[in-house]
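Please look over the following structure.

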Amino acid sequence: MRKLIFAINITLDGCCDHTKTIADEELLEHYTHLMQDVDLQVFGRKTYQLMVPYWPDAAKNDSETKASHEFAKAFVSTNKIVFSQSLESADDKNTKIVRTNLRDEIVKLKHQQGKNILVGGVSIPSQLIELGLVDEYRFVVQPIVAGEGRRLLEGVNLPEKLRLKLVETKTLKSGCVALNYVKQ
């Protein structure tokens, strides 16, 4: 069965607002490496519209840094599903808009053949965590205290405490710490 992996950048005070974090070359390389193990990305509309058209445009732009270009190519080549009731059409040829039940669709996808599934953003991952469907958590904790902004898992109501096991850590030159947890 495919694993559902939630990956996100957060600040030391738990802020997951993308405008409060830093994406440097090493961080992009970290996420490009993660993309090698997935063949499907899942987003809600807001996160999708942050990523597209930005990364598809970056993939076509030869003036991007090597790390940006490599991440952009990996992003563009991966199939995507966007859960949205309001998005009319996708701007990316590898994207499918899904309007059905989140739980049922993810369970079906996890049972299909393929590599792992990567989920990003806040709203959809929060719902998937509440449903107990996330298998692995990849947090990159940035050495920043934002002091404001949306907090990770804000408003999530878990039926029981979620126990995780730390399976890998990596300290980046920037001081970011990449943490990989699996559900126990």
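Buried means under 20% relative accessible area, exposed over 50%, and partly exposed in between (1.4 Å probe, protein chains only). By that scale Arg45 is partly exposed, at 29%. This is a predicted model: local features need pLDDT of at least 70, side-chain atom pairs count only at pLDDT 80 or more, and totals for chains, interfaces and linings use all residues. Residues are numbered from 1 along each chain as its sequence is written, and side-chain values use heavy atoms, with hydrogens and water left out.

Arg45 lies in helix 2 (residues 45–51). Helices (H or I, at least four residues) and strands (E, at least two) are DSSP runs, numbered from the N terminus. Contact means heavy atoms within 4.5 Å. Not counting residues up to four places away in sequence, Arg45 touches Val82, Phe83, Ser84, Ser86 and Leu87.

Two polar contacts stand out (N or O atoms within 3.5 Å; within protein, one able to donate a hydrogen and the other to accept it, and sequence neighbours count only if both atoms are side-chain atoms).

| From | To | Distance |
|---|---|---|
| Arg45 side chain | Ser86 side chain | 3.3 Å |
| Asp24 side-chain oxygen | Glu26 backbone nitrogen | within 3.3 Å |

The Asp24 pair sits at the start of helix 1. In helix 1 (residues 25–35), 8 of the 11 residues are buried, so this helix is largely enclosed by the rest of the structure. Tyr31 and Met35 are among the buried ones.

Phe71 touches Leu28, Tyr31, Thr32, Met35, Met51 and Trp55, not counting residues up to four places away in sequence.
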